[in-house]
Amino acid sequence: MSERLLSTREEYGQTLVRLGERSRDIVVLDSDLSSSTFTHLFAERFPDRFFNMGISEQDMIGTAAGMALAGKIPFVSSFAIFVTGRCWEQIRNAVALPGCNVNIVATHGGVTVGKDGAMHQALEDIAVMRAIPTMTVLVPGDAVETRQAVEAAAWYDGPTYIRLTRENLPLLYKDPVPFRIGVGRTVLDGDDVTIFAIGLMLHKALEAAELLARDAISTRVVDMATVKPIDEHLVVRCVGETGCVVTAEEHNVIGGLGDAVGEVMLRRCPAPMERVAVRDTFGRSGHPADLLRYFELTPEAIADASRRAIARKAARAPLEGE
Amino acid sequence: MTRGPAHEVAPQELAEIARGLRVLLLRTIHHARSGHTGSAMSCIDILTCLYFREMHHTPYNAEWPQRDRMVLSKGHASAALYVALHQAGYVTRAELRQMRQLESILQGNPDSRRCPGVEASTGSLGQGLSIGHGMALALRGGVDGGEEPRVYVVLGDGELQEGQIWEAAMSAGHRGTANLCAIIDANGLQLDGAVRDIKNVEPLAAKLEAFGWRALDVSGHDFAALCGALDAARGERERPTAIIARTVMGKGVSFMENAIGWHSRAPDAHQLAEALAELDKAKQPAGERAGTR
């Protein structure tokens with residue numbers, strides 16, 4: 001694993017430029033945050049295909065829907081809190097219901113937004129986007145995966161939501177691994193517990209695996225970059241092979257990755273499960289690293305959750321028929 | 001390059017088309033036992049001008065890229081759109097009779113995935129102007145070397161209380177999107193009462209002009225005036241145009257006119273018969289119509 005930190009936002013902007021070179025149908029809309037979302041890279045290269053809609057997120061979503069209905073492939077960017085919160089109904093009714101090919105790429109998801117505090121820290125965005133029928137929800141864990149997710153979304157026919165963090169991240173994979181919407185990828189193999197993680201928390205999960213290895217615990221870490229549609233087969237297989245599960249996400253405990261994985265387990269393979277997430281509370285101002293500690297989104301918290309899951313697995317009575 | 005109107009149709013001829021659409025509208029809503037009768041009646045004349053004079057469109061090839069588009073932002077008036085689409089050739093009589101039923105292409109609010117000729121899914125008020133503006137921007141300068149399509153957005157006056165409308169108005173004014181034309185079906189009524197009592201949206205022309213639009217205030221039931229405004233809008237090169245069409249909710253049937261109770265009510269058999277008799281009386285003699293062409 002390379003420890004060099006790369007900006008997923010900058011990778012997003014560069015990917016947009018490459019997509020713009022490949023297709024004249026690619027258009028990009030932003031709402032006065034282009035220097036922060038890095039859509040400004042596209043704006044500089046293709047000024048005629050960039051639309052700064054001003055501080056008007058609802059209008060931005062509707063405009064993108066109209067462009068998609070006229071054959072364009074719009075990418076729409078803002079911070080996660082605004083583009084999912086303020087325009088949820090526009091996304092549902094103007095984008096998803098008519099099946100518009102609008103790609104919403106939000107930056108600044110989670111508490112690591114940092115000092116701007118609770119008002120700007122989206123902890124519910126995955127939940128509200130996941131609840132919309134036909135919406136695809138992607139949360140890449142590094143710069144390469146960001147590029148892959150953005151490219152996949154561009155050519156995927158239907159609405160997508162991609163959540164990026166403000167923090168720069170190391171690379172997850174040494175060598176390029178193919179990316180497909182709806183398919184999870186095993187970053188680290190192991191037998192005692194599976195940690196399903198997304199975004200920044202994938203890196204915390206890998207650190208947790210190192211902590212657990214000291215206790216001779218073999219940990220599997222799975223990159224669930226597609227939160228919806230969730231990779232059901234992979235969840236069932238991992239539960240079968242490791243017997244217990246931990247989920248880790250920089251999101252509220254309600255409605256995010258934990259629920260997406262838990263819904264599959266409840267239906268198909270009940271097993272001990274622990275969730276590492278924000279515990280149904282709002283964020284606050286602070287340094288990103290301090291905030292991750294404050295909200296217990298740390299390798300230590302994931303390792304503790306893993307030990308609890310393993311202990312429950314050991315204590316568990318076999319289910320009927322097992 | 002801009003096209004002229006698709007068809008030269010005399011105002012008297014348009015009036016007769018609109019009268020026929022009102023008959024069909026009332027029958028359709030009566031059959032469905034639900035629908036927004038008053039709201040649909042008030043915008044029938046506007047839709048008649050658009051679909052049978054102004055807009056270049058090809059019902060036999062609904063996806064023709066160079067077509068002009070109409071977005072019915074006041075989606076609850078869907079029945080008016082559906083009868084116009086029927087008259088134009090997009091929707092069959094059998095499909096009209098299925099309006100608002102399970103599996104129907106004619107949903108309670110227009111659904112662009114299901115119904116040919118419906119350009120956008122609308123009905124959540126306040127969103128159509130952004131959608132229409134997005135289309136106009138995407139089509140600006142023409143498609144595949146063809147002439148520049150125009151986009152029409154039909155809005156209610158009540159829905160102008162939505163903030164997103166003014167975001168979109170500011171966007172289109174700022175960008176000078178001249179192939180965009182908003183037509184406000186200003187019937188002065190909304191579900192709970194008069195627009196001026198609930199939250200006054202006037203003065204509309206002054207507001208829209210301040211947002212960078214050309215604003216034209218006309219009678220929404222005067223075909224010559226409506227066509228003149230559409231001509232003026234087509235000639236505009238620098239700004240989007242808003243046509244403030246002063247209309248009457250329930251127009252065409254005296255007991256429905258300006259009666260707020262008819263906003264979202266379907267006529268029963270007796271009311272339907274009474275309304276159709278009145279519309280029949282309004283029919284112009286064929287000879288007189290021919291003479292005026």
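I take helices as DSSP runs of H or I with at least four residues, numbered from the N terminus. The model is predicted, so I note that local features need pLDDT of at least 70 and side-chain atom pairs pLDDT 80 or more, while totals for chains, interfaces and linings use all residues. Residues are numbered from 1 along each chain as its sequence is written, and chains are lettered from A in the order in which they are written.

**Pockets**

I used a 1 Å grid over the protein atoms alone; a pocket is an open set of points where a 1.4 Å probe fits, with protein on both sides within 12 Å along at least five of seven lines, and lining residues have an atom within 4 Å of a point. Volume is the space filled by probe spheres set on the points, which are joined across faces, edges and corners.

I looked up the largest pocket: about 760 Å³. Its lining has 32 residues, and A:Met67, A:Ala70, A:Gly71, A:Lys72 and B:Leu139 are closest to the centre. Helix H4 (57-69) of chain A and helix H5 (128-139) of chain B each supply at least two lining residues. H5(B) gives the most, with 4 residues.

The second largest pocket has a volume of about 250 Å³. I found 19 lining residues, with B:His76, B:Leu125, B:Gly158, B:Glu159 and B:Gln190 nearest its centre.

**Helix pair**

I checked H1 (residues 11-32) and H10 (residues 269-281) of chain B: their axes come within 10 Å and cross at roughly 175°. Axes are lines fitted to C-alpha atoms over the stretch in contact, with angles from 0 to 180 degrees between N-to-C directions. H1(B) is therefore roughly antiparallel to H10(B) (over 145 degrees).

Conventions. Side-chain values use heavy atoms; hydrogens and water are left out. Angles under 35 degrees count as roughly parallel, over 145 as roughly antiparallel, 65 to 115 as roughly perpendicular and the rest as oblique.
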